[in-house]
Amino acid sequence: MIIVMKSGTPDQEIQGLEQQMREWGLIPEKIVGQSQVVIGLVGETASLDPEHIKDLSPWIEKAVRVSKPYKRVSREFRHGELSRVAVSTPQGTVYFGEQDPVVLVAGPCSVENEDMIVETAGRVKAAGAAFLRGGAYKPRTSPYAFQGHGESALDLLAAAREATGLGIITEVMDTADLEKVAAIADVVQIGARNMQNFPLLKAVGGQEKPVLLKRGLSATIEEWLMAAEYLLAAGNANVILCERGIRSFDRQFLRNTLDLAAVPVLRSLTHLPIMVDPSHGTGVAAFVPVMAKAAIAVGTDALMIEVHPNPAQALSDGPQSLTPDQFATLTQELAVIGQAVGRWPEPIAAVV
Ligand code: PEP
Ligand code: MN
């Protein structure tokens, strides 16, 4: 349930209500909107009557039940106010949100060695990326496939950040590695295969770095939002959702089916920012640019693109990786779409 306060409600009144809710065994969460304060209530609210709640204070505009099973992540919980996830990077704060320019995240699937990660970081930064992605711990289908260099790769990511000022996004697969990963990452990624790893969700939700939650291979949107609810319930509200393709019946031409309709659906259901990953979403480098453009057109707040200096030699996901040159060309094209939807940082230089 949420309690919507009238605009101009004195702080004391809100504190009194929060106190009352705590005495009833509920957890109140104050959400300060542009003109109004909303108190979100988590807990056993089934027996509460919204009309009865209204009698508690003349400053209450209305009390409304949140009908969805996911509470904190629902749009209703914040009374329509969208969240904006702020991430500190050496170059300054980058914002993920519907009112902000599209954020570009790029880099190799795996961190392979220092030269390749530092070189790739420099190239993607020059093309407009704000974040470097790269896996230190890799979830591989085969136990015999390259598993990532682990802790030493985290140091290489730190070196790439040092060299470029880019923010770092990297995946944690195991709660045992969380401290190490969170010490280096500016955003901690939970991969598709771990979307419903509940102990991991609880642990990542209990630390402070913003979180990127990828959609599970066969997860419904509701299951995905319930997974995000774990993160918020554990205390971390800085969550970005990443659509990365789902398993469908046809794998002949595409690795996954990129569900771009998930973007407007999520926008209608949740206040959390949205990212799209057309690299894992298609599995084919040739299809990445067009799907990246489409993702901006449907309203994504960010893109994650795999870029490798030599895709043919990549230790993982070479077939879906762009070269740095291809990425630079793509960002020029993305700028056109980004401008058209009012989501690009710089105006395009006039052609003379
Ligand atoms: C990744 O981003 O490196 C990755 C493994 O992606 P996903 O979890 O979406 O498969
Ligand atoms: Mn990959």
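Strands β11 (residues 211-214) and β12 (residues 239-243) run parallel and pair over 4 bridges, where pairing takes at least two DSSP bridges between strands. In this pairing leucine 213 sits opposite leucine 241 of β12. To get from β11 to β12 the chain passes through helix α7 (residues 221-233), a right-handed β-α-β crossover; right-handed means that, with the strands pointing away from you, the path from the first strand over the helix to the second goes clockwise. Helices (H or I, at least four residues) and strands (E, at least two) are DSSP runs numbered from the N terminus.

A word on ground rules: this is a predicted model, with local features needing pLDDT of at least 70 and side-chain atom pairs pLDDT 80 or more, while totals for chains, interfaces and linings use all residues. Side-chain values use heavy atoms, leaving out hydrogens and water, residues count from 1 along each chain as its sequence is written, and chains are lettered from A and ligands numbered from 1 in the order written.

Back to β11: strand β10 (residues 187-190) also runs parallel to β11, joined by 3 bridges, with valine 188 partnering valine 211. Together with helix α6 (residues 198-205), β10 and β11 form a right-handed β-α-β unit. Val211 and Leu213 point one way from β11, Leu212 and Lys214 the other, and all are buried (under 20% relative accessible area with a 1.4 Å probe, protein chains only; exposed is over 50%, partly exposed in between).

What about disulfides? The whole structure has 0, counting cysteine sulfur pairs within 2.5 Å. Cysteine 242 is buried at 0%, and its sulfur is 13 Å from the closest cysteine sulfur, that of cysteine 109, so a bond is out of reach.
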